[in-house]
Amino acid sequence: MIRLKNSEQIELMKIAGRITGEALLVAEEAVREGISTWELDRIIRAYIEKCGAKPTFLGYGGFPGSACISVNEEVIHGIPSKKKILREGDIVKVDVGACYRGYNGDSARTFPVGKISDEATRLIEVTKQSFFEAVKHALVGNRIGDIGSAVQDCAEAAGYSVVRKYVGHGVGAELHEDPEVPNFGTKGRGVRIYSGMTLAIEPMVNQGTADVNVLDNGWTVVTADGKLSAHYEHSIAVTDNGPLLLTDVK
């Protein structure tokens, strides 16, 4: 069931979204060679809690961290670890959720660790671009397929693939709500978009194959061919005046 949000609920989601977005800025400042993903997670959790919110991911389905932190070929759901140390040239995906007064923000970025390759830079840029192409279609009267098609077209035109096994989603009182928001699709197909829908649009773009595997820890998703993956996500609200980016704080 799709839960349309009223203005009061969207205001709460703005606060949750701001905290989420600021936590990502804090993470970006902390990303450097030699830091562990466990330490990054600790910094993120401390910021969210300082703001009077709760880290949405902590304990979600048994997840042990406050953020999903995934490095290089890890696509999503990387578990923070003291043993996972960032190195020059890595790209690190940080996916954060904050719950404020019962409503959630959900957002992700891919950050470079020091100097990275030109190809890694291009992958990050195209992934971000695919989000902004997609959000143009988050308009009243359009369909979810318009969003997915825009991500797919942007990524594939650059020679990349989009992950199909994992998708974006509605977001609100629950972290994952209806509808699913795939990063692929056909224009004019899928669920109709209405004012009051709140969505997490999150392109996951791979350098090589779209195929992915899950590690033995039951969480971390990696590219099947070991090539790089990038992730970019915002929570948005669909309004009569166009899409509102709830987690964008820059």
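Which loop does Asp211 lie in? Asp211 sits in the loop between strand S10 (204–206) and strand S11 (212–214); helices (H or I, at least four residues) and strands (E, at least two) are DSSP runs, numbered from the N terminus. This is a predicted model, where local features need pLDDT of at least 70 and side-chain atom pairs count only at pLDDT 80 or more, while totals for chains, interfaces and linings use all residues. Residues are numbered from 1 along each chain as its sequence is written, and side-chain values use heavy atoms, with hydrogens and water left out.

**Around Asp211**
- Setting aside neighbours within four places in sequence, Asp211 is in contact (heavy atoms within 4.5 Å) with Asn206, Val222, Thr223 and Ala224.
- Asp211 and Asn6 are 205 residues apart in sequence, and their C-alpha atoms are 38 Å apart in space.

**Helix H2**
- H2 covers residues 37–50, which makes 14 residues.
- At 1.5 Å a residue (the expected span is 1.5 Å times one less than the number of residues), H2 should span 20 Å, and its end C-alpha atoms agree with that at 20 Å apart.
- The buried residues of H2 are Thr37, Leu40, Asp41, Ile44, Tyr47 and Ile48; buried means under 20% relative accessible area, exposed over 50%, and partly exposed in between (1.4 Å probe, protein chains only).
- An α-helix has 3.6 residues a turn, so residues three or four places apart point the same way.
- The cover over the buried residues of H2 includes helix H1 (7–30), strand S1 (54–55), strand S2 (67–71) and S4.
- Just after H2 comes Gly52, with a positive phi of about 80°.

- Strand S4 (residues 91–100) pairs with S5 in the antiparallel sense over 10 bridges; two strands pair if DSSP finds at least two bridges between them.
- Val92 has Phe111 as its bridge partner in S5.
- Two residues lie between S4 and S5 in this hairpin, and Arg101 in the turn has a positive phi of about 50°.
- Nine of the 10 residues of S5 (residues 103–112) are buried, so S5 is largely enclosed by the rest of the structure.

**Cysteines**
- The structure holds zero disulfides, a disulfide being a pair of cysteine sulfur atoms within 2.5 Å.
- Cys68 is in no disulfide, and the nearest cysteine sulfur, that of Cys99, is 16 Å away.
- Cys68 is buried, with a relative accessible area of 8%.
- Cys154 counts as buried too, at 13% relative accessibility.
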